[in-house]
Amino acid sequence: IDLSLSAVKVAATVAEALGRSIHDDDGNEKPWKIYAPNRSGGFAPIPVSATLEAAARAIQKKVDSGADAGFAGPGEHEGSAYSFRIRLFVPSAPPPIHVKETPTVSDDEVIDLGEGPARIKYLRDNVLADVDRLEGLYKNTLDNHKVELIGERATITGPHSVKLASGREVTAKVILVATGAWPIIPDVEGAEHGITSNEVFHLDECPGRIVIVGGGYIANEFAGIFHQFGSHVTMVNRGNTLLRGYDETVRDRLLQISTMKGINFRFNAKMEKIEKNEDGTLCVRFESGDPVAADLVLFATGRRPHTEELGLETAGVELDEKGAIKVDDYSQTSCESIYAVGDVTDRLQLTPVAIREGHAFADTVFGGNKRKVDYGCVPSAVFSHPPLAGVGMTEAEARNTLGTVKIYTSDFRP
């Protein structure tokens, strides 16, 4: 590869290689293969479905840092006469990725989960059971503090009043809205054939092929789960990045590992429609590019504040352009007797943050101690495979804010 080529040309070179085949002496077709360093220090094949964009970006980074690159000759991998590999030589390159070995356990400690369908049922049943357990604990806490729990839909009818579905009117000096957020379903033809994170833990079977729409933490977490269950996973993102807001180096490493594991990625892919075939399978079509066949489509395209049909307008509570409740530093809305905390305000959609906002609200309104929540340095984690986490500024934010900064990176075995 000519090191003066841009990332686009590098991608084109790789694409050209992947698109051609060669033949052995008997006329049998032999596809080209690309290899990358594996954990044992040798080379392992990268799935041909690996995104060329990610490959080009990774190669260009090496080129920019003064790397040497080239094609290995025939027969240099496991005696094959027709395998080629891209080799990158960088003096400061990090060591190969190591994975901690699984400790030995006895037969009595092993739970046989069977194949994909049995595994997803095991996960589903345990998740639902744990949700019921937690709900029971919270209910006991409320009961012990003599809190009345009303299991009915309610709408606000004024600054101090709420009407229940049964017709009962409840009044209070202060009203707190904490209705959370709801998964967004893309506005495309055939969207009714897909599901969201609300339904995913009610599946009876593990899909053989799943398309996950989105590039955020929910999308990446479920991509890892379904891949571990044996599903063929394709992640579709209308943009060109995963996990916007996390450090680029960490995001690229997750993309690299996910790709090498066999998870497919389609970037800059805008969905056109979802078609359901006679056999029940699905076909996801895009404005450009080839369609993708699937047994299940999972939408993970964000969450919208759950403010519809709450009657907020009757009390003069203002919403922003996304439908989130506008609040001040003390979680007070435009109606002085109504407050709001959590995802319904769309400040920072994290459970610990919502809990902290609730604490600050209680201190401010009932504890005589006005308190604000500091959103400046909140840690967050993504339970992908492998998991990642971050806190504070990203490298890009640090450079934009502070100018010249020193960056330290390290690869290590956990």
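G158 has S161 as its bridge partner in strand β8. Strands here, with at least two residues, are DSSP runs of E, and helices, with at least four, are runs of H or I; both are numbered from the N terminus. Strand β7 covers residues 154-158 and strand β8 covers residues 161-164. The two pair in the antiparallel sense over 4 bridges. Pairing requires that DSSP finds at least two bridges between two strands. A hairpin through 2 residues joins β7 to β8.

The model is predicted: local features need pLDDT of at least 70, side-chain atom pairs count only at pLDDT 80 or more, and totals for chains, interfaces and linings use all residues. Residues are numbered from 1 along each chain as its sequence is written, and side-chain values use heavy atoms, with hydrogens and water left out.

Now follow β8 onward. Strand β9 (residues 169-171) runs antiparallel to β8, joined by 3 bridges. V162 has V170 in β9 as its bridge partner. The hairpin of β8 and β9 has 4 residues between the strands.

R168 sits in the loop between β8 and β9. What does R168 form a salt bridge with? The partner is E148, and the closest N and O atoms are 3.2 Å apart. The pair links distant parts of the chain, with E148 in the loop between α3 and β7, 20 residues from R168. A salt bridge is a side-chain nitrogen of Lys or Arg within 4 Å of a carboxyl oxygen of Asp or Glu. R168 counts as partly exposed because its relative accessible area is 38%. E148 counts as exposed because its relative accessibility is 55%. The cut-offs use a 1.4 Å probe and protein chains only: buried is under 20% relative accessible area, exposed is over 50%, and partly exposed is in between.

Step back to helix α3, which spans residues 116-144. R124 is found in this helix. Is R124 buried or exposed? R124 counts as buried, because its relative accessibility is 14%. R124, D125 and D204 are linked in a network of salt bridges. The side chains of R124 and D125 also make a polar contact at 3.0 Å. Such a contact is a pair of N or O atoms within 3.5 Å; within protein, one must be able to donate a hydrogen and the other to accept it, and residues adjacent in sequence count only if both atoms are side-chain atoms. Leaving aside neighbours within four places in sequence, R124 is in contact (heavy atoms within 4.5 Å) with F201, H202, L203 and D204.

L134 also lies in helix α3. With L137 and Y138, L134 makes a nonpolar surface patch of about 310 Å². Patch residues have over 30% relative accessible area and no salt bridge; nonpolar side chains (Val, Leu, Ile, Met, Phe, Trp, Tyr) are joined within 5 Å, and like charges within 9 Å. L134 counts as partly exposed because its relative accessibility is 34%.

Strand β18 (residues 296-299) has both faces covered. L296 and L298 are buried on one side, and V297 and F299 are buried on the other. Strand β12 (residues 209-213) pairs with β18 in the parallel sense, over 4 bridges. I210 stands opposite L296.

Further along, D329 forms a salt bridge with K372, the closest N and O atoms being 3.6 Å apart. D329 lies in the loop between β19 (303-305) and β20 (338-340), and K372 in the loop between α6 (351-366) and β21 (380-382), so the pair ties together parts that are 43 residues apart in sequence. K372 counts as partly exposed, because its relative accessibility is 47%. Another salt bridge joins R371 and D363, with the closest N and O atoms 2.9 Å apart. R371 is partly exposed at 34% relative accessible area. D363 is partly exposed at 22% relative accessibility.

Finally, the whole structure. A search finds 13 salt bridges. The protein chain has 7 helices and 22 strands. Of its 414 residues, 33% count as buried. Among contacts between residues at least 6 apart in sequence, 54% join residues at least 24 apart. The accessible surface of the protein chain comes to about 25000 Å², and 52% of that belongs to carbon and sulfur atoms. These areas come from the Shrake-Rupley method with a 1.4 Å probe; for residues, only the protein chains shown count as cover.
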